[in-house]
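Take a look at the structure below.

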Amino acid sequence: MSAGGPQTQPALTLLTRAECGLCEEMLAELRALAARAALPPLSIIDVDCDPQLQRRYGLKVPVLLLDSTPVCSHRLDAPELLRMLKRP
């Protein structure tokens, strides 16, 4: 295998739930950050629609994932997200 093969585009996933004030705050903070820095595409998933996600993250929402790796929960950790995006 060659190390120069195509790389996949990173993706952000925000795990939320209905009527979650912290979820709305994190989404607003992500949108504000995206206006200042290049961020990967963002998907929003209701954690209560997937039993596996609910078991794993149900008490931690909102949770921001970079690919499938947790970045932060409850509050946006912008410096950590930007640090993780710079990793090779």
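## Before we start

This is a predicted model, in which local features need pLDDT of at least 70, side-chain atom pairs count only at pLDDT 80 or more, and totals for chains, interfaces and linings use all residues. Residues are numbered from 1 along each chain as its sequence is written, and side-chain values use heavy atoms, with hydrogens and water left out.

## The cysteines

Searching the whole structure turns up one disulfide (a pair of cysteine sulfur atoms within 2.5 Å). Cys20 and Cys23 are the partners, with their sulfurs 2.2 Å apart. The S-S torsion here is about 75 degrees, so the disulfide is right-handed. Both cysteines of the pair, Cys20 and Cys23, are buried (buried means under 20% relative accessible area, exposed over 50%, and partly exposed in between, using a 1.4 Å probe and protein chains only).

Cys49 is in no disulfide, and its nearest cysteine sulfur, on Cys23, is 13 Å away. Cys49 counts as exposed because its relative accessibility is 65%. Cys72 is in no disulfide either, with the sulfur of Cys23 the nearest at 12 Å. Cys72 has a relative accessible area of 12%, so it is buried.

## The salt bridges

Side chains of opposite charge can pair when their charged atoms come close. The count here is three salt bridges (a side-chain nitrogen of Lys or Arg within 4 Å of a carboxyl oxygen of Asp or Glu). One of them joins Asp48 and Arg17, with the closest N and O atoms 2.8 Å apart. Asp48 sits in the loop between strand 2 (42-46) and helix 2 (51-57), and Arg17 in the loop between strand 1 (12-16) and helix 1 (21-36), so this pair ties together parts 31 residues apart in sequence. Helices (H or I, at least four residues) and strands (E, at least two) are DSSP runs, numbered from the N terminus.

Glu25 and Arg75 also meet in a salt bridge, at 2.5 Å from N to O. Glu25 is in helix 1 and Arg75 is in the loop between strand 4 and helix 3, so parts 50 residues apart in sequence are tied together. Arg83 pairs with Glu80 at 2.7 Å between the closest N and O atoms. Those two are three residues apart in helix 3, which means about one helical turn separates them.

## A loop residue

Where is Asp77? Asp77 is in the loop between strand 4 (69-73) and helix 3 (78-86). Asp77 is partly exposed, at 34% relative accessibility. Leu30 is 47 residues from Asp77 in sequence, and their C-alpha atoms are 9.8 Å apart.
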